[in-house]
Structure formats: structure tokens, C-alpha cells
Protein chains: 2
Amino acid sequence: MEPRFVTAADVARRAGVSRSAVSRAFTPGASVAPETRARVLEAAEALGYRVNRLARTLHRDRSDLVGIIGANLGNPYISAQFDALSAALQAEGLQTLLVNLRPDPRPGAEPPDLGRAVERLLEYRVRTVVLLSGAAPDELVRLCAANGVRMVLINRPAPAAGALADVIDSDAAGGGRLAARRLIAAGCRRLAVVLSESRTSAKLARADAFCAEAASGGLTVRRWTQGPNSYETGVAAARSLLEGGAARIDGIFGVTDEIALGAMNTARHELGLAVPHRLSVIGFDDAPISAWSSHRLTTVRQSLPALTGATLEAILCPADAAVSHRAVAVDLVERGSVAPARGSAPG
Amino acid sequence: MEPRFVTAADVARRAGVSRSAVSRAFTPGASVAPETRARVLEAAEALGYRVNRLARTLHRDRSDLVGIIGANLGNPYISAQFDALSAALQAEGLQTLLVNLRPDPRPGAEPPDLGRAVERLLEYRVRTVVLLSGAAPDELVRLCAANGVRMVLINRPAPAAGALADVIDSDAAGGGRLAARRLIAAGCRRLAVVLSESRTSAKLARADAFCAEAASGGLTVRRWTQGPNSYETGVAAARSLLEGGAARIDGIFGVTDEIALGAMNTARHELGLAVPHRLSVIGFDDAPISAWSSHRLTTVRQSLPALTGATLEAILCPADAAVSHRAVAVDLVERGSVAPARGSAPG
DNA sequence: CGCGGGATTGCACAGCATTGCAACCACGCG
DNA sequence: CGCGTGGTTGCAATGCTGTGCAATCCCGCG
């Protein structure tokens, strides 16, 4: 009546062998007579048996599960990153267990709790925790380490307990500098940087480096910090920075393509400012949609294949290997949202 | 030396009770003295114990795992849908196990195999399989049913073994008709519909209904079918349909916002055609980016909350409940990519 | 024909938690 | 004071698979 999963014992009974034989038939390299294995596989096929990975994990010291903690899965870059990463994991025979840290939009709802998310993943005995969003407090890093679970931080600030987590970073400071230099070369004199209130991430470093580089060029930067990490933040920033035109901002750096696109679109379509002639905009990420002909956003690229490759390396390395810090280079991809450089070519 | 997960036995030893007591302390409603429970919880806290869900699942007839099979996770609508769904599952105490069916871009790589994906999820004893991409062949539906796993099909054609899977459908035919009527009302006479080669999905139904409605209005539709389900397909379609202008196509229906955006952007920015004056474009989905001021795409909306809600209902319903077919209504959201309706208001 | 050795196989236990059952405790009532 | 009762708790079995160890089988060689 009620269908149940077929177990190894069922197969053993049907094939007329012991349960161990069934187990061995499914374990590559185990000692089984070819004829026995064939009989077992045939019985398994007939019954529709497949190994219960959950039970198997009880034995092995590491599971096949990789926990990924993310928010902003709708963000165009993050979703591409998540897509690439989960596909790569799968090709390696690992499985993606997702924890979504997306805030509950209902009023009065509790904010998502990273600690609980990690706990949850530990309950499933994941072999690795990958953090795509949020900052990793020391205690959580330690918690994972204490359970023998590697933690991989992507574009997250390295925790004080640094020796306990793998870190993968694209060059935030370099990217911020690249953006500043490019805007200055375009002749922009009144710069602004737009970021969200999430104070915990690499995005701060991007903004800081941008400001520092501008300062070394004799310019001060208007810093606009507000709201969540989203398109709407860029929209709001553009309205507030550009409306009325009093400040005459002529160059904006969005610490994320999504933010930069919000700002650029609002300037262009809502406020009627010509981009790049009146206003130059530059982003960070190089999300797929930034290349669309509706945007043509000049941006600092973090190469997705490079980022994914580095992440995969960190995940696959043996459990006892020392943690590592992998840096991913960034470069500027020129499209149409920044005015042409004047005068001498940048060094 | 090597950190291991703490087990219930460790906690029992420390708290001076039996392993059963530990288990009961973590089971709501079990019979334990408050004082014993407190002692157990304290020991667990000190040791960093947490229940091993994998082992727990051996007992229960259903696990907490929901398998989601998807491709195109970079698609702006799918990613939003996946984001919403995984967040909703989590709020219900369920966990998302992802299988990514994204095709391996390397030449000579095997195409992703849905059958293997389902097998994989069964190995993890998921309680439900949700299909966001691909079509469900009868045998797979039957396979899941035989293992007592519910299958939920989202915008997938109902399999012949229909009584064995939950189906959630937004009204593809209605949406296709809406699109056709709107373009006709705008005065478009030379219509085209753009879709990908994936022949298996609700997208065919959208296109078919569009063509049928146009035919009943006395118009024939140029049908452009090629490539995968992506932005680039829309780009290629626009080039091929519009370049030279011989065909003078003046209305395009993209079966997906992503496709419609590719077509619209290419027409507007690459071919220099005014949208909506020279060409009207209409999409299907209402992805978040379609509302951006850089696009303002008129589109057939499948309400994401409605779709997510229906999916969640299907997933949460008791295991022995009959399968159901849930329809999600669609409506037209007017933005700026279709010329104003002429003459009489549509009935 | 007897024996050594390699290949195969089954037994039993490990791994982790849940749960039916029975033993146990204390307490209250007759 | 004895017994019934309700609440606790431990034992042992269950759920499913992996694996060390020993038993077994068969073959070949002396």
C-alpha cells in the first residue's frame, strides 16, 4: 500500500546473498566475484534499489554535502555565481545544500540568523560550508573548525580566527583604485560612491580604496550609504545625489553592478541625464546583464570562472590541508558608461 | 587531534544519563523530567552537540530534504523563483537540495541527464522532488511515485502518468492569448513569436495560444525557434527577423522575458528601431529586471508569490493526499514596450 | 592426494539516533 | 501499610549501510 524505499536487505534476499555482498557490489574496488556482483545488480535493478547516502554517511567521516549560505540570490551576479558553483560541485560528485539568508519581508519578522544557518548545516554533517553572504563571526568559524568542517569565505572579510577558514577574495582594493583612476581619467571631478548599509563585506574595501585613490588625486568623494544591497539602493542614491543638480556629481562608483545599474538607469531615464557625457558610472562584478546593450556598463570584472575555480579548489582540498588564501585578480572592462579618457593614457 | 562530531552517547556520558534520555531531551513532547532535560541540554551545550539529521532520517519515513531540479539558474525569473522558493521552504523547516541541470559548456561534454538527477535525489531520500526545468518523462514520475516521493512539476507539461505528480501551471494559453490581443490592439499586423528549441515546456503552449489567437484575428505569425533558452536567443531572433527590414515585423512575443529583452534591446540599440513606435515587444514572466527603467517591458505576469505559494502548498500537503493540479492566473502588466491600444478597448 | 594461498563471502559490529516496552520510582488513597 | 497509578528512565531492537575478521571455497602445486 504505502511504498517504501527498497533496502539492501531486500536486494540480498532476492539475489540470494548476504547483505554485505550487496554493499560490496556497490562499492568500487571491493572484493566481489563478478558473477555475484552481476546477480546483485540485476536484483537491484529489478527492485529499484539505490544506496541510501544518508546511511552511508554515518560511516564515512565526510559527507558529499556542501552547504552554501547565501542571500541576494536574485542579484544578477550572485545568481550567476551560485549557478556556476553548484554546477561545478555536481560535476565533482558533491551535492549542494542551500541555506537562504534572505530577509523575510513581512513586518516584524526576525532577521535571518547566520548562526542558526551554520548550525543547521552542521546538523546535516556537511563537509564544507561556503559563505556567499554575510560576515563570519569568529565564533562560527571556530564552531565549524571544532566539528572538522572547512569553511570557505568568498569575498568576506577574513575572520580574526583566520587560520581556520579558507578565504577567497577578489582584489577589492585594486578594483576600487581602478574605478577611481578611470573616472578621474574621464575628467570627472565630483565623485560619489554608493554602497549599502551591510557593513561587513568586501564592498567596504572597494569603497575605501576608491576614496583613497581619489584623495591621492586631490578629490574628495561623496559617500552615500543606505539601505540593503539592491537595485533600489542605486535608484535611491541617484535620486538623492543628482536631483536638483546642485552637487553636480559627475562620476558614480557603485560597489556592485546591481547598484550601479540602478543609479545609471535612474539618471538616464528618470532624471534625463546623459550617460556618459554628463555623468559617468562604473560598477563592480561584471554581471551578465551589465553587458546587455540596454546597459553597456563599464565595470570592474571579477572573473566568474576564476572565482569558481578557486572556490572549487578550496572545497576539494584534503581535509587536513592547511587553509589558504586565494586572491582573484580583477580588471576593468570598458563599455559605454564612462566618458572617454582624456589626455595621457593611464600608467 | 582530528575533530569529530559529538554524538548523543558523548552527551549521555557527560550528563550521566542514558542515550535514550538525550534523544528524548531533543524531541518535543517526549516524556522527560524537566530537570533531566536541563542537565542534558547543558551537557550538549558544553560539548557542542547537535542532532545528526542524517541518522534521524533513518527512522522517520520522510526526510526534511526537498530536491529541486533546475537549469537556467541565471535566468532572471528563475533565479527569483528559486530564491523565493528556497526561502519559503526554509521557513517551514525544510532544506533545499539542489541539482543543477546546467549544460556543461565544454565541447564533447555529455548533456545533463534528468534521470540521473532524480536518481541522485532519491539516494538522499528527499521527501519531494520539484522540477523547475526539463520535462518529466513518465518513467521518472513513476519512479518517484514507486518510492513514495512526491513530484511537483512547475510549468511542466503534465505527464501521461498524470495521477502521480502534482502540477502547478500558470495559465500559458491565457497568457499567449493576452499577448496576441494586446499586440493586435496596438495595430501590429506582422507578428512573430520567439522561442527556444527546448520543446518540452509550457513555453510551447504560450506560443501556440499566441498563434491561434492571432489566426482568429486573421493574422499569421512568423515562428522563430532556435537555440537554448537564453538572452542570446532573443538577440539572434531580432537580428534574423528584423535585419534588412524586408519582413517588416512590427510585433514580437518572446515566450520568456529574457528572450523578449534580448530581442527588444537588439532592435532598439543595435538595429536602431524605435520601440514601441516601430516595433512592439511583449514578454512572459514579469521578471524583476523587466520593470527596470532601462527596459519597461510590457509582459504577461505570473505572480511569483502565487506561484511560490502554490508550490509550497503542494510540497507541504500530507503524503497520502491525492495529487492536485493548481492553476496560477496570469495578467498583463502594461509598461512601455507596446504601442498604445487603438480604437475600442479590448473586451 | 595433501596443503598453501588467494579470492569470496558471511558474521557481527560500528556508526547515530528513535522508540516500544518494561522496570522503576514515588506518591496518594483506601 | 499495601496497592494502584502516573511519570521517568533504561534496555534493546530498529532503521540502513560499511567493513574488519574469520571462515570457506577452490585451485594449483609439490
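Predicted model: local features only at pLDDT ≥ 70, side-chain atom pairs only at ≥ 80, totals over all residues.
Close-up 1. Residues are numbered from 1 along each chain as its sequence is written, chains are lettered from A and ligands numbered from 1 in the order in which they are written, and side-chain values use heavy atoms, with hydrogens and water left out.

**Close-up 2. Strand E10 of chain B and its pairing with E9 and E12.** Strand E10(B) covers residues 298–302, strands (E, at least two residues) and helices (H or I, at least four) being DSSP runs numbered from the N terminus. Four of the five residues of E10(B) are buried, that is, under 20% relative accessible area, as against exposed at over 50% and partly exposed in between (1.4 Å probe, protein chains only). Strand E9(B), residues 280–285, runs parallel to E10(B) and is joined to it by four bridges, two strands being paired if DSSP finds at least two bridges between them. Strand E12(B), residues 330–333, runs antiparallel to E10(B), again with four bridges. Val300(B) in E10(B) is the bridge partner of Phe284(B), and Val300(B) also has Leu332(B) in E12(B) as a bridge partner.

**Close-up 3. The aromatic pair of Phe26(B) and Tyr49(B).** Over all chains, seven aromatic pairs are found, a pair being rings of Phe, Tyr and Trp (its six-membered ring) with centres within 6.5 Å, stacked if the planes are under 30 degrees apart, edge-to-face if over 60 and tilted for the rest. One of them joins Phe26(B) and Tyr49(B) edge-to-face, at 5.4 Å centre to centre and with 65 degrees between the planes. Phe26(B) lies in the loop between helices H2 (19–25) and H3 (34–47) of chain B, and Tyr49(B) in the loop between H3 and H4 (53–59), so the pair ties together parts 23 residues apart in sequence. Phe26(B) is partly exposed at 27% relative accessible area, whereas Tyr49(B) is buried at 13%.
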